[in-house]
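Hi,

Here is the structure I said I would pass on. Have a look at it first, and then read on for what turned up.

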There are 2 protein chains.
Amino acid sequence: MAVYTDITEAELAAFLGGYDLGGLLSYKGIAEGTENSNFVLHTGAGPFILTLYEKRVERSDLPFFLGLMEHLAKRGVSCPLPVRRRNGEMTGDLAGRPAAIITFLEGMWPRRPTPAHCRAVGEALARLHVAGADFPLARPNALSLPGWRTLWDGCLARADEVEPGLGAEVAADFSVLEAGWPRGLPAGVIHADLFPDNVFFLGDRLSGLIDFYFACNDFFAYDLATCLNAWCFERDHAFNLTKGTALLAGYQSVRPLAPAEAEVLPLLARGSALRFMLTRLYDWLHGPDGALVMKRDPMEYVRKLRFHRAVASASEYGLARP
Amino acid sequence: MAVYTDITEAELAAFLGGYDLGGLLSYKGIAEGTENSNFVLHTGAGPFILTLYEKRVERSDLPFFLGLMEHLAKRGVSCPLPVRRRNGEMTGDLAGRPAAIITFLEGMWPRRPTPAHCRAVGEALARLHVAGADFPLARPNALSLPGWRTLWDGCLARADEVEPGLGAEVAADFSVLEAGWPRGLPAGVIHADLFPDNVFFLGDRLSGLIDFYFACNDFFAYDLATCLNAWCFERDHAFNLTKGTALLAGYQSVRPLAPAEAEVLPLLARGSALRFMLTRLYDWLHGPDGALVMKRDPMEYVRKLRFHRAVASASEYGLARP
């Protein structure tokens with residue numbers, strides 16, 4: 001949950017004066033997202049989401065994130081549409097922070113994803129990859145191998161506090177991933193954080209994707225690997241082959257994987273599991289006590305890492321042979 | 001901020017099946033209230049607030065709280081209206097807790113109250129007192145003198161951790177208040193927690209009162225004294241006579257105080273300051289570290305206690321002579 005910055009009604013009314021959205025009716029801080037402060041905002045024009053970007057988001061990245069949402073929405077990918085100010089800008093200043101208003105998307109994120117949800121997410125991810133092809137901006141993935149190494153440097157000395165032996169175990173992953181990380185796979189704009197809480201459904205119908213604040217340019221198949229990690233494991237940490245099969249089939253119904261992508265899917269899934277393990281581990285070891293943010297257990301992703309190490313081919317995730 | 005219980009969309013859809021509110025469109029946990037879990041809920045019928053009552057609210061008190069809101073709303077006091085289920089009930093069960101849906105009230109609580117806000121709150125409080133006169137249920141104030149004594153018994157031994165000498169200082173307040181607490185003042189249903197975050201405004205116009213979960217039967221003038229504490233002190237802890245004058249004039253424009261009420265207002269304000277100091281002190285000393293609830297500083301109310309001890313007559317709060 002996240003409301004890091006409270007704002008006064010006078011500040012917000014002044015900010016809203018830069019938009020054609022009618023008068024301010026109400027705003028309530030919501031417990032969604034972990035990086036920014038988010039509010040449900042009601043104006044004369046209806047409900048919106050107001051986001052204040054906190055320190056973990058670089059101001060210079062906002063044109064990429066918000067521009068991408070606008071680009072995708074215009075190409076039929078259901079996602080929030082940033083509302084432009086009268087001066088044409090997509091952000092303004094509020095309480096000393098950059099802030100944006102985006103459209104309110106109805107739908108609920110699935111607390112207990114089903115294979116039908118997984119299939120729909122796979123399809124939506126592929127549509128996002130296709131629709132992003134002509135997006136003119138680019139943003140390197142700050143959380144790829146060099147970024148992981150930086151996080152790891154800040155955790156290594158204390159990793160064994162989480163589980164004895166974890167330091168050596170993860171060092172071995174780094175050796176394998178740094179030696180074998182692929183080059184030249186199909187790449188473009190990826191979401192990079194398409195977890196269940198970022199995908200809304202109305203019943204089994206996917207109603208939209210949210211939270212593009214990790215979006216960047218990287219391999220499409222890496223994004224798909226992240227979805228395997230985020231959607232296809234059960235609470236007991238077992239991989240659910242039915243869900244994996246559904247996710248991959250959904251993806252391939254829109255954008256079939258090239259053989260080179262299928263080949264390295266286990267390595268990409270291992271890298272993706274390492275990436276989420278590392279950010280959780282870093283927050284676990286360095287996060288302030290008593291913060292208003294729930295710390296997430298890095299061990300969940302250590303278990304996924306262990307699973308992927310033993311995977312020999314993408315068919316074990318449910319990938320159908322072409 | 002408060003979202004203690006997350007709920008699945010399946011649980012919520014089933015719960016909503018007991019209402020005539022159309023289908024479930026979205027729900028988002030909000031950072032408002034400190035006792036319960038609250039969600040902005042969108043259904044086919046519009047926006048609502050969904051509340052799950054947590055352990056600090058007694059299930060047997062809900063008919064009083066929700067019935068009061070319905071009673072007041074029907075008499076023109078702007079407050080949320082509980083939505084009745086098809087079976088006529090105002091609550092149902094959700095995630096193992098009693099839960100209710102109430103109408104969504106537009107408006108913002110004033111982060112920086114002005115004298116105009118204070119006047120409007122005084123008026124609204126008096127209207128609430130008048131409109132509650134024929135409410136058929138009653139609920140004793142669990143946080144009056146005996147309740148304060150119970151809280152104090154749980155804090156006394158450690159009170160000096162907050163400030164040296166605080167234990168003896170507060171013991172003296174108890175002697176004075178227990179010896180002199182009035183009897184027989186005009187009484188009825190009071191809000192008992194009408195702080196700025198429970199009063200919504202659209203501009204200077206009061207749009208509604210919320211959060212009736214401390215409402216009970218007690219002296220009307222005690223409720224007014226609580227508003228003096230909640231609305232008329234500045235951040236530097238100084239009493240603002242202009243705001244006090246406005247609050248009291250607003251109140252008296254609807255319900256003039258009897259001489260006996262005016263006479264004891266300083267004692268009631270001292271008691272009210274003690275009550276809020278004690279709940280804060282208790283939470284400060286006993287609250288879990290790292291909880292998702294901000295602990296509020298009891299010293300703010302110690303300073304108000306000290307102010308009221310030195311007040312000789314209600315004219316020092318700005319009460320106009322009748």
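Let's start with the sheet in chain B: five strands form an open sheet in the order S1-S2-S3-S5-S4, with antiparallel pairing. S1 and S4 of chain B are the edge strands with a single partner each, so each has one side without a neighbour in the sheet. From one strand to the next, the twist averages 35 degrees. Strands here (E, at least two residues) and helices (H or I, at least four) are DSSP runs numbered from the N terminus, and two strands pair if DSSP finds at least two bridges between them.

Before going further, a note on the source: this is a predicted model, where local features need pLDDT of at least 70, side-chain atom pairs count only at pLDDT 80 or more, and totals for chains, interfaces and linings use all residues. Residues are numbered from 1 along each chain as its sequence is written, while chains are lettered from A and ligands numbered from 1 in the order in which they are written.

Back to the strands. S1(B) and S2(B) pair in the antiparallel sense over five bridges, and Tyr27(B) sits opposite Leu41(B) in S2(B). S2(B) also pairs with S3(B) (residues 46-52), again in the antiparallel sense, over seven bridges; there His42(B) stands opposite Pro47(B). S1(B) is mostly covered, with five of its six residues buried. Buried means 20 or more other C-beta atoms within 10 Å of the residue's own, exposed means 12 or fewer, and partly exposed is in between, with C-beta atoms placed from the backbone.

Next, the helix. H1(B) lies across S1, S2, S4 and S5 of chain B and runs at about 120 degrees to S1(B) (axes are lines fitted to C-alpha atoms, for helices over the stretch in contact, and angles run from 0 to 180 degrees between N-to-C directions). Its residues are 9-16, and Glu9(B), Leu12(B), Phe15(B) and Leu16(B) are buried. Down the axis of H1(B), these buried residues fall within an arc of 125 degrees, so they line one face of the helix; the arc is that of the directions from the helix axis to the C-beta atoms. Their cover includes S1 (24-29), S2 (37-43), S4 (92-94) and S5 (97-103) of chain B.

Glu11(B) is also in H1 of chain B, but counts as partly exposed because it has 16 C-beta neighbours inside 10 Å. Leaving out residues up to four places away in sequence, Glu11(B) touches Leu94(B) and Ala95(B) (contact means C-beta atoms, placed from the backbone, within 7 Å). Glu11(B) and Ala95(B) are 84 residues apart in sequence, yet 7.1 Å apart in space, C-alpha to C-alpha.

Over in chain A, there are two domains, 9-103 and 115-317, with bounds from an automatic or database domain assignment. In the contact between them, 18 residues of domain 1 meet 17 of domain 2.

Most residues other than glycine have a negative phi. Ala192(A), however, has a positive phi of about 75 degrees; it is in the loop between S6 (187-190) and S7 (199-202) of chain A, and is buried, with 22 other C-beta atoms within 10 Å. Phi of Asp211(A) is also positive, near 60 degrees. Asp211(A) is in the loop between S8 (205-209) and S9 (216-219) of chain A and is buried, with 24 other C-beta atoms within 10 Å.

Cheers

Notes
Contact = placed C-beta atoms within 7 Å.
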